Amino acid sequence: MCGIVGIVGHRSVNQQMYDALTVLQHRGQDAAGMVISDGKKLHLRKGNGLVRDVFQQHHMQRLAGNIGIGHVRYPTAGSSSSAEAQPMYVNSPYGIMLAHNGNLTNAESLQADLFREDLRHVNTDSDTEVLLNVFAHELQLQRAHSPEADHVFTAVEGVHRRCKGAYAVVAMIVGCGVVAFRDVHGIRPLVFGRRESDQGHEFMIASESVALDILGFELIRDVAPGEAVFISNDGELHTRVCAGETKLTPCIFEYVYLARPDSIIDRVSVYKSRLRMGQYLAERVLERFPSNDHDIDVIVPIPDTGRTAALPLAHQLNVKYREGFIKNRYIGRTFIMPGQSQRRKSVRQKLNAIDLEFRGKNVLLVDDSIVRGTTITQIIQLARDAGAKKVYIASAAPAIRFPNVYGIDMPTSVEFVAYNRTEEQICQAIGADFLIYQRLEDLIESAKEGNPAIENFDCSVFDGNYVTGDIDDVYLERLSLQRSDKMKQERDAELNSDQTVIELHNHA
């Protein structure tokens, strides 16, 4: 899960890039980076940490130019090394910098092809570097002294032929312009917009429309599946669908959790889709308690993403809605924290219960989804410690039982609380008095209602159906071994050890 942005303007764009990345910070808190060009020279800054930590005033002063791309990262493939922070650079042809949101499902075979056939070396485990070199090779085949839109689009066609999986990409070609493109299924989101200035049109590309909003860009539309958007250094906009067979199947988890509620993704309001999730969830509760014969005293959302669904749920059940948890804004999103021990520690630091709203009451807690169960188990205990008689749980999403292979950190089924458990067993495992999940068909309708043109969504974490058609048990087993929490911790420990050795050698 990552956030990307690109701007082609007429004045310095460093502050605008910073603001946009800050707005997209929820999509990745591990690393941040941006590269700015004045048309001739690149100015790059990237590193591990939040946007505010990576970019200090003296860095911003050096990031001069009117064209830029940027990235915020949470690593799902590769490691959390600063060497894998984006954007990434290759100097041939022309000099290209690229940032990517998603995950290539055939990265290993592509890396082998790059070495054997394209004579290109990949230096990290990041599939972004693989994607960058595939694009660079396809562009080099055009043999254009100064590439134009047609050359860029032909190169993107080559990327679509070779790359499988989910990818939303923004790339800067030195002396040429900025190109953005989206995989043939449109799994990961990507939008572009325009703003008028006294010097003419300025353009922006971003993972979510909210980034355009805060900078005063008017949303033009989403980038279509398989489409490329090219903006030249002169500010000319070109678009082309660069793949033969495309079908829009966006990731439904964007609407459940990943995206900000004030974003519009594939013409669907994230906020309204979450309201509808609450309405459908109320129907599920009423099925369990006919004639509204329940003993729920109060409905409390788990901030922040559970809040929107909780409002219509409380209204339809005619139950009081209360904010029972106060959130520490300086703790990151626990779902995207690496390692179970860090998640456990962060939940207690992140939330504090208001005893008044729990003492002596039967409380229905509303969450957007339940993944590993670590967070919800501790929150249930927080409610009990605050004096709740009974603690019920309603999840706005169905049970998550399958790994995500398209860029969300859900790599292995055995880490899910729903793995090989019935709903009753899950309820017992997390310590709730009862548990209600959203139905998958209701979740789909919640998002689909905003854009009937969307025939299907990627719901693979719920139903195990992978829309790219190239995922089997062998792939999932390999993914589980490579990207489990345990393996990530071992890689990070090894990385830190290597860095220590390097620092000691340098000091000597």
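Guide: Let us begin with Glu323, which is partly exposed, at a relative accessible area of 30%. Here buried means under 20% relative accessible area, exposed means over 50%, and partly exposed lies in between, with a 1.4 Å probe and protein chains only. The model is predicted, so local features need pLDDT of at least 70 and side-chain atom pairs count only at pLDDT 80 or more, while totals for chains, interfaces and linings use all residues. Residues are numbered from 1 along each chain as its sequence is written, and side-chain values use heavy atoms, with hydrogens and water left out.

The side chain of Glu323 meets that of Arg307 in a salt bridge, at 2.8 Å from N to O. This pair links distant parts of the chain, with Arg307 in helix α10 and Glu323 in the loop between β17 and β18, 16 residues apart. A salt bridge is a side-chain nitrogen of Lys or Arg within 4 Å of a carboxyl oxygen of Asp or Glu. Helices (H or I, at least four residues) and strands (E, at least two) are DSSP runs, numbered from the N terminus. Arg307 is also partly exposed, with a relative accessible area of 24%.

A second salt bridge joins the side chains of Lys327 and Asp304, again described by its N to O distance, 2.9 Å. Lys327 belongs to strand β18 (residues 325-327) and Asp304 to the loop between β16 and α10 (307-317), so the pair ties together parts 23 residues apart in sequence. Asp304 is partly exposed, at 27%.

Five strands form an open sheet in the order β17-β16-β20-β21-β22, with parallel pairing. At the edges stand β17 (320-321) and β22 (434-437), each with a single partner strand, so one side of each has no neighbour in the sheet. Two strands count as paired if DSSP finds at least two bridges between them. In general, strands of a sheet pair through backbone hydrogen bonds, either parallel or antiparallel. Here β20 pairs with strand β21 (residues 390-395) in the parallel sense over six bridges, and Leu365 stands opposite Ile393 in β21.

A surface feature comes next. Ile326, Ile354 and Leu356 make a nonpolar surface patch of about 280 Å². Patches consist of residues with over 30% relative accessible area and no salt bridge, where like charges are joined within 9 Å and nonpolar side chains (Val, Leu, Ile, Met, Phe, Trp, Tyr) within 5 Å. Accessible areas come from the Shrake-Rupley method with a 1.4 Å probe, and for residues only the protein chains shown count as cover. Leu356 sits in the loop between β19 (351-353) and β20 (362-367), and this residue is exposed, at 60% relative accessible area.

Aromatic rings now deserve attention. The structure holds 10 aromatic pairs. One of them is the tilted pair of Phe253 and Tyr257, with 6.2 Å from centre to centre and 40 degrees between the planes. Rings of Phe, Tyr and Trp (its six-membered ring) pair if their centres lie within 6.5 Å; planes under 30 degrees apart count as stacked, over 60 as edge-to-face and the rest as tilted. Phe253 and Tyr257 are four residues apart in helix α8 (residues 253-258), which means that about one helical turn separates them. Both Phe253 and Tyr257 are buried. The rings of Phe289 and Phe434 also make a tilted pair, with centres 5.4 Å apart and planes at 50 degrees. That pair links distant parts of the chain: Phe289 lies in the loop between α9 (270-288) and β16 (298-301), Phe434 in strand β22, 145 residues apart. Phe289 counts as buried at 16% relative accessibility, and Phe434 is buried at 4%.

The structure holds 30 of them. Among them is the one between Asp266 and Arg182, whose closest N and O atoms are 2.9 Å apart. Asp266 lies in the loop between β14 (264-265) and β15 (268-269) and Arg182 in strand β8 (residues 177-182), so this pair ties together parts 84 residues apart in sequence. Asp266 is buried at 4% relative accessibility, and Arg182 is buried at 0%.
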